[in-house]
Amino acid sequence: MDLFDKFDPLIRDRDALFNTGGPVPTGICMDELVSQTVAIVDGRETILVGTNNYLGLTFDPRTVGAAEKGLKDGGTGTTGSRNCNGTYSGHKALETKLAEFYGTKGSMVFSTGYQANLSMISTLAGPKDYILIDADCHASIYDGCKLGNATVIRFRHNDPVDLEKRLKRLGDDVNKLIVVEGIYSMLGDIAPLDEFVAVKSRVPNTYILVDEAHSLGVLGETGRGAAQHFGVGDQVDFIVGTFSKSVGTIGGYCVSNHPKFDILRLVARPYMFTASLPPSVVASATVALDIIQNTPSLRKKLWSNANRLYRGLSGAGFELGAAASPVVAVRVPSLEIAFAFWRSLIESGIYVNLMVPPATPQSWYLLRCSLCAAHTTAQIDTIIGVFIKIGMELGLLPEAANANGQAVSINGRLRSVAGAKRASGRRAGGAAAATG
Amino acid sequence: MLTPFNKEGIALTRETNIATDLELDSLAVMDLLAAIEDEFDISVPLNILPDLETIGQMADAVESIVQGKN
């Protein structure tokens, strides 16, 4: 008897995959950061295309300068929670900036994006309330549901008709909180928020929370995210997000116009029982939000990079998400191929994320790229070239594929993810088959 | 209803374990619940998942939700 016995199957699977010599995904160490897009890994200069660092603000002289000043003025940490000794003028300034950024009355800053979701979802919906979550929501949203006492219903990914059917089953007389994301992290697909808020408006006592973790700074005229992109910001009740992607540091937030919003500071446990963000982090986040708001050219460059990578990979015959987005995920048929592909990439000086079930929708195996506005065209073309070379070596692409992105047909085996989704309906049993 | 989820075509009884016999992972079980919701026009909360180990337990849970509705 050992507490760790229950992990034996996982330990066996891990060792079978990892103990074959060479780098492993969970063991990557960035020995030195050369820039936002290049690091030294295992002594090799490596292009980073899996960092969520969408706008490249981690090394911007303005964010670094603000962090240095914050560190000098406020010290290395607050050593306390927000409701005790952990609120400095910088935390207040960041919350003021967020409210101005979104044009909302209320704003709250959390120590991580994960805790922002845990806080909001576990606290907003109580024992008599209902939460309706998109099937493909992030683990932090599922965990928020587990932490709270509400009844949780799951609806089909990005499907407003399915959501409305499930909302109506619950009836008008109970409180219902819809939870969706702006951009989904695995395939980079965007939620149809215009349709979701329309559904919300048709069913009484329904609220909607949008997690803009991957869409902040990426979508919308001033970078607010998907809600701004669809022009429905005023119809979204709660926007949650993180500073750990486009903002380039760490932390989470929620903004809202609800008149009683501020009471959450006294009831949201993941907000109350943790130390607040250090002053340097708070200072760089505040400056980064200002940059995001006022520099649409960064978004333009990010999307241009995303389109170039998407076109290059889809043209070569890889199976990708339905449309170009700053997350470009390449689907491969099995764990073994995914791991071999990932290892060849890292040994060729390209870092991407290896994503496997249960983190992935449809239990797919993905090589997930995330673009950065700071990527050069030359870097993108290098990435495409290496992907094609390895794709051919592993037999995923025919020899006819070339770096010009010439379209090739592979006996219908590689098709768009959207097509695959439609073909499998609601992937009944698909997940089971893939994991086996 | 379970046929599409029974990839190995095993014999199904009330005692069939959803995870170890049917080999459904957590995502597949949630998909099965969604199919059940639509078949019976009921709401099946994810909250009941930890209590469902066998097909029999799942059937009883659905039965009690359907009874509660009528």
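**The core and its surroundings**

Reply: Happy to. In the largest nonpolar core, which has 124 residues, the members that touch the most others are A:Ile131, A:Val179, A:Leu309, A:Leu313, A:Val328 and A:Leu367. Please keep in mind that this is a predicted model. Helix α10(A) gives the most to this core, namely eight residues. Domain 1 (16–48 + 297–430) and domain 2 (60–294) of chain A each give residues to the core, so it lies between them.

Setting aside neighbours within four places in sequence, A:Val328 is in contact with A:Gly188, A:Ala306, A:Leu309, A:Tyr310, A:Leu313, A:Leu320, A:Cys369 and A:Leu371. Chain B has something to show too: a second, separate core of 14 residues includes B:Phe5, B:Leu27, B:Leu52 and B:Val62.

Back to the two domains of chain A. Their centres, taken over C-alpha atoms, are separated by 28 Å. To the contact, domain 1 of chain A brings 16 residues and domain 2 of chain A brings 13 residues. On the domain 1 side that touches domain 2, the elements giving two or more residues are α11 (296–316), β11 (327–332) and β14 of chain A. The largest share of that side, three residues, comes from β11(A).

Helix α10(A) also leads us to another helix. Together with α2 (61–74), β4 (106–110), β9 (238–242) and β10 (252–256) of chain A, α10 (279–294) is among what covers the buried residues of α3(A). Those buried residues are A:Gly90, A:His91, A:Leu94, A:Lys97, A:Leu98, A:Phe101 and A:Tyr102. They are on the same side of α3(A) because they cover an arc of only 120° around the axis. A:Ser89, A:Lys92 and A:Thr96, on the other side of α3(A), are exposed. The helix itself, residues 89–102, has 14 residues and reaches 20 Å from first C-alpha to last, close to the 20 Å expected at 1.5 Å a residue. Just after α3(A) comes A:Gly103, with a positive phi of about 70°.

Strand β14(A) points to a loop worth a visit. Most residues other than glycine have a negative phi, and most peptide bonds are trans. In the loop between β13 (353–355) and β14 (365–370) of chain A sits A:Pro358, and a cis peptide bond with omega of about 5° joins A:Pro357 and A:Pro358. A:Ser363 has its place in the loop between β13 and β14 of chain A, and its phi is positive, near 55°, in a residue other than glycine. A:Ser363 is buried, because 20 other C-beta atoms lie within 10 Å, and 20 or more is what buried requires. With 18 C-beta neighbours inside 10 Å, B:Glu23 counts as partly exposed.

One last stop is a sheet in chain A. This open sheet has four strands in the order β1-β2-β3-β12, with mixed pairing. Its edge strands, β1 (32–33) and β12 (350–351) of chain A, each pair on one side only. Strand β3 (residues 44–48) of chain A pairs with β12(A) in the parallel sense over two bridges, and A:Leu48 stands opposite A:Tyr351 in β12(A).

Technical notes. Residues numbered from 1 in each chain as written. Chains lettered and ligands numbered in written order. Predicted model: local features only at pLDDT ≥ 70, side-chain atom pairs only at ≥ 80, totals over all residues. Pairing = 2+ DSSP bridges. Expected span 1.5 Å × (residues − 1). Buried ≥ 20, exposed ≤ 12 C-beta atoms within 10 Å, placed from the backbone. Arc of directions from axis to C-beta. Contact = placed C-beta atoms within 7 Å. Core = buried A, V, L, I, M, F, W, Y, C linked by C-beta atoms within 7 Å. Domains from an automatic or database assignment.
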